[in-house]
Each structure stands twice: as structure tokens, then as C-alpha cells.
Amino acid sequence: MMFLFYVNLATILCFFTSISNGNIQQTVLRGVQTSLLSMYIPSKPFTCLDGSLTIPFEFVNDDYCDCQDGSDEPGTSACPNGQFFCENKGYFGTLIPSHFVGDGVCDCCDGSDEYETIIVCNNTCFELAQKFQASRDAQRALHAAGVEKKKQILASTTTNKFGRQFSQKHLDELEQDLKILEKELKEKEELKRQVEILENAAKEKHKKLCEEKRTMQDVSLRNNQMHEMFADLDTNGDSLISIDELQKHTELDTNQQNEFTIEEVRSILGSDSVNLNEFNTTIFDQISNSYRQLPEPTRPTPEPTPLPEPSIDSMTTQSPSLETFIDEEDLTTHTRSSYKYEDEDDYEEDHHRESKTLATSIEHEKHIHDSVAPEYDDETKKLMEIAEEARNRYHEIGEKFLSIKHQIEDLKKQSTVDAGPHDEYSPIIDQCFDYEEREYTYRICMFKTAKQISKGGGSEVIIGYWDSWCGPKDNKYLKMKYSNGATCWNGPPRSLIVTLQCGIEQKLTDVREPSRCEYTIIFETPLACDENIATTSLHSDHVEF
Ligand code: MAN
């Protein structure tokens with residue numbers, strides 16, 4: 001009995017280590033987290049941590065798994081789901097799966113997981129602690145410097161809560177201005193409408209006059225050409241075009257394979273001869289497209305024939321002012337320029353084939369009319385100036401109106417933005433930051449939009465609109481979410497998560513697209529620097545050895 005007691009005691013002692021920490025004597029059960037030590041009392045039976053079973057304490061760490069949750073074997077690898085606590089004195093205690101215990105690999109920095117193996121684990125806890133300490137110190141220094149910068153930024157911002165409250169007054173003023181501008185804009189619009197009616201009427205009148213002038217010019221041109229052609233055909237000067245005279249113009253023969261017979265000529269003339277009037281009404285239009293003059297010099301100079309008044313209605317009903325549009329010199333110039341001789345053909349061939357015939361020269365004239373816009377008369381010009389002025393005034397007020405409207409919208413939006421627990425991100429509301437990458441520029445306008453701008457000249461793609469803060473529960477303001485961007489082809493709408501990090505300069509870094517059209521980026525800013533980290537006592541986080 002006594003022997004058994006000693007064995008048990010020895011076994012229990014085997015499982016415990018005693019360490020001295022100042023005056024406090026603490027006993028640590030192998031593999032048990034310090035916070036759970038109170039559940040492992042050697043003098044009492046052990047109850048599995050899930051409460052499922054109570055076993056004699058000797059069953060704890062006996063290399064046999066009794067508890068479903070593995071809590072009876074924290075220091076052995078007996079339970080597949082157990083957890084071994086590395087005390088890692090001098091560094092941070094960590095939990096590892098208990099099947100790592102005794103597997104020949106050093107998992108704890110103090111080597112405690114390999115207590116039974118022949119493997120020698122170096123204690124690296126001190127080294128790790130030193131590294132940790134160094135990085136802590138660097139963080140502390142960074143946050144301290146950042147906090148100073150943050151104070152400066154916050155001091156000079158106008159978009160903080162106070163500024164935004166103040167802007168309520170400003171907002172009221174702007175809304176007042178907007179009302180006045182809206183009224184003014186309506187007045188200007190009405191004025192513009194009225195003068196544009198006058199302007200359009202004047203332009204319309206001018207256009208009509210031009211068209212009438214053009215029609216008259218065309219009629220006169222045709223008349224001249226008709227006379228010239230008649231005179232050209234009337235080689236014997238008897239004021240009649242006979243079959244003989246027309247027959248010389250073989251170019252009028254529609255069937256070029258055979259001779260230009262008398263019958264064919266008669267069918268064009270409609271009789272044996274035609275006078276000027278008959279020529280005008282029935283022949284000229286029929287032949288003018290194909291007609292060519294015969295070579296000079298046998299052509300007698302035609303007697304100028306008095307022009308009969310054109311029989312077009314518009315010419316008899318025209319208003320007197322219309323006369324001023326007709327430039328006689330223009331007409332004669334046109335007529336002269338329309339003459340082409342057959343021996344000029346080669347030259348023409350190389351240039352404008354169209355000018356070979358009288359008919360095409362009419363087309364040519366029309367073309368000239370179309371391309372040269374006639375100048376407006378003074379009255380129309382004046383009305384156009386007045387209308388232009390009214391348009392300018394209207395647009396000027398319109399732009400002012402829009403600018404104030406946007407200011408109001410921005411202010412309203414700003415006043416509802418959650419700019420951090422202490423409003424610390426208010427200085428960057430609406431501020432834009434760029435990140436240059438090989439293919440794209442990423443532009444984030446804080447609390448507004450995020451864009452991906454192609455450097456190859458493609459269009460800008462919205463990768464998200466400001467949505468919400470989305471950090472972990474205990475640190476919601478760590479991350480910003482921009483969502484509902486342009487939809488990816490065959491994919492989701494683009495979105496972006498921005499992680500805020502303490503930094504001395506404000507800049508975006510490290511853009512990624514971990515999954516298609518879902519982007520992440522880091523934003524370094526002094527505004528994310530933390531006074532608590534900056535002021536943590538240098539000694540408070542020193543790890544004891
Ligand atoms: C563009 C970019 C990319 C994105 C593809 C998806 O090329 O927006 O970031 O992955 O479209 O098609």
C-alpha cells in the first residue's frame with residue numbers, strides 16, 4: 001500500500017514541473033494552458049473539460065485517451081483532438097495539436113513538445129522574444145511619429161465633425177443661393193427661348209430667300225445654256241433647228257452602233273424643225289446631258305437673242321427684295337465657265353470629266369451653291385448675336401447652379417459619413433489617392449469611389465462605390481469596403497477592400513486581385529496611427545525570462 005502511494009506520488013511528480021517566479025511557487029501540468037490549471041487538481045478526480053466523464057487523476061497524461069475532447073491528455077499525443085500548451089517561457093505560450101508531441105519536430109520554441117524524444121530542441125524563445133520586442137519598438141516609434149502627424153492633419157482639417165456641423169450653416173446658405181439661381185435660370189431660359197424664336201424665324205427667312213435665289217440662279221443658268229445651245233445648233237442662223245443641224249451631233253445618237261439617221265433625229269425634234277420656244281420646252285432637257293459643241297472656228301457668233309422671261313411661278317411671284325440676291329456677274333461667269341470645247345477634252349480628261357457637258361455644269365453650279373453658305377443679313381446677324389448672348393448667360397447661370405447643387409450634395413453626403421470612432425478619417429473624405437501599377441492606375445476617392453484606369457488608354461472602370469467599414473468585430477475601422485462596381489464579364493460586380501495601416505505618408509500600396517474582380521489594397525496613413533500603441537510603456541510588454 002505504502003509502495004503504491006510512493007509510486008503514485010512519483011508518477012504525479014513526474015508529470016509536474018515546479019518553477020520559481022519570485023516568491024510565487026507555481027506548478028505546471030505538462031501541456032495544460034495556464035488558464036486551465038485550476039481544472040487539473042492532482043488530489044481530485046479529473047472531469048473532462050466537456051463535462052462528459054470523470055476519471056481518476058492518474059488517468060491524466062497516462063498516454064491513453066479517456067475524454068472525447070482530448071482534455072485528459074494535454075501532454076501526450078494519445079488523443080487526436082487534444083491540444084498541447086507550449087509554455088514558451090520568456091515568449092508567448094502557444095497551443096499546438098497534441099499529436100505534434102513527441103513527433104521528432106520541435107514545434108514549441110522551448111522544445112517542451114519533444115520532452116521524451118532523443119531530439120535536442122534548442123530553446124529559441126529568447127531570440128523570438130528579442131525579434132518581437134524589436135518589431136514592437138519599431139511599431140511604437142512608427143505610431144508615435146504617426147500620431148504627431150495625425151494631430152497636425154486633424155488640426156488643419158475643415159471636414160471634421162465640427163467642420164461638418166458648421167457646414168450645416170453653410171449648407172443653408174448654399175440652398176438659399178440655389179433657390180435664387182434656380183429662379184434666375186428659369187428667367188434666362190425663358191429669355192433664351194424667346195430670342196431663339198426670333199433668331200430661328202430670321203434664319204428660316206434667310207434660308208428661304210437663299211433657296212429662292214438659288215432656284216432663280218438655276219433657272220437663269222438653264223435659260224442661258226438653252227440659248228447658247230440653240231445658237232450653237234442654229235448654224236444657218238434662221239432661228240430654227242433643222243434635222244440637218246441636229247444630225248451633225250452624233251453624240252446624241254442613243255444607238256451608237258448604227259448611223260445617226262434622219263428618222264432618229266426627227267424623233268428627237270418631234271418634227272422637221274423647231275423654234276426656240278419648242279426647243280426650250282421639249283428638246284433642251286432631253287439632249288443637254290449628252291450634247292457637245294462642235295469644234296470652232298466655223299461657228300458664227302450668235303446674235304444675242306432676247307431672253308424670254310422664265311416661266312417658273314416663283315420668278316413671277318418673287319418679292320422685290322429677292323432681286324438683291326441675284327448677282328448678274330455671277331451668272332455670266334457661270335455661263336462662260338460652263339463652255340468646253342471638244343479639243344479641250346484631253347485636258348479635261350485629266351481633270352474634271354464632269355465639266356464636259358452643259359448639263360453637268362449646272363450640277364456643278366448647284367454644288368457651289370451648297371458649299372458656300374451665304375452671309376446673313378444684318379438684321380439676322382443682330383438677332384443671332386442677341387440669341388448667342390442669351391445662350392451664354394443661360395449656360396453661365398446653369399453652370400453656377402450645377403456647381404452649387406453639387407456642393408450641396410457633397411456636403412450632405414459628408415455629414416452622414418462615418419469617418420471613424422473619433423472622426424479621425426474626416427480629413428480624407430473625398431480625397432483621392434492613386435496607386436500606379438504596370439497595367440493600371442488604381443484611384444480611390446475616399447468614401448466615394450474606387451477606379452481602375454487602364455494605362456493603355458482604355459476606359460475607367462469603377463471597381464466599387466463606398467459601402468461600409470468591414471474590419472473584424474473588435475476592429476471594424478480597420479477595413480473599408482467599396483462595392484457594386486462595374487460587373488465583371490461572366491462574374492460578380494467588382495469590389496475592393498482597403499486595409500488601413502499606420503504610416504507616416506498617406507499612400508496606397510500593395511494592390512491585389514486575390515479572386516477575379518475582387519481587389520484588395522493597403523492604405524497607409526497617419527490617421528490610422530494609434531495613441532495607445534504609441535504610448536505603451538516600454539516595459540509593460542517586456543517578456544520575462
Ligand atoms: C479587366 C480588369 C481585371 C479583371 C478583368 C476581368 O481586365 O478589370 O482586373 O480581372 O477585367 O475580366
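Before I read off any distances, I note the cut-off: a polar contact is a pair of N or O atoms within 3.5 Å. I also keep in mind that this is a predicted model.

I started with Glu 513 and found an N or O atom of its side chain 2.6 Å from an oxygen atom of the ligand. I then looked up Tyr 440, where a polar side-chain atom lies 3.2 Å from a ligand oxygen. For Arg 516 I also read 3.2 Å, again from a polar side-chain atom to an oxygen atom of the ligand. As for cover, the ligand has 300 Å² of accessible area on its own, and the protein covers 68% of that.

Entry, the shell. I listed what surrounds the ligand: Tyr 440, Gln 452, Cys 488, Arg 494, Glu 513, Arg 516, Cys 517 and Tyr 519. Sorted by class, I get four nonpolar residues, one polar and three charged.

Entry, Thr 441. I placed this residue in strand β10, which runs over residues 440-445. Is Thr 441 buried or exposed? I have it down as buried, because its relative accessible area is 10% and the cut-off for buried is under 20%. Its side chain makes a polar contact with the side chain of Glu 436, at 2.9 Å. Leaving out residues up to four places away in sequence, I noted that Thr 441 touches Asp 434, Tyr 435, Glu 436, Lys 451, Gln 452, Ile 453 and Lys 455. Gln 452 is also one of the residues around the ligand.

Terms used
Residues are numbered from 1 along each chain as its sequence is written. This is a predicted model: local features need pLDDT of at least 70, side-chain atom pairs count only at pLDDT 80 or more; totals for chains, interfaces and linings use all residues. Side-chain values use heavy atoms; hydrogens and water are left out. A residue is near a molecule or strand if one of its heavy atoms lies within 4 Å of it. A polar contact is a pair of N or O atoms within 3.5 Å; within protein, one must be able to donate a hydrogen and the other to accept it, and residues adjacent in sequence count only if both atoms are side-chain atoms. Accessible areas come from the Shrake-Rupley method with a 1.4 Å probe; for residues, only the protein chains shown count as cover. Ala, Val, Leu, Ile, Met, Phe, Trp, Tyr, Cys and Pro count as nonpolar, Asp, Glu, Lys and Arg as charged, and the others, Gly among them, as polar. Helices (H or I, at least four residues) and strands (E, at least two) are DSSP runs, numbered from the N terminus. Buried means under 20% relative accessible area, exposed over 50%, partly exposed in between (1.4 Å probe, protein chains only). Contact means heavy atoms within 4.5 Å.
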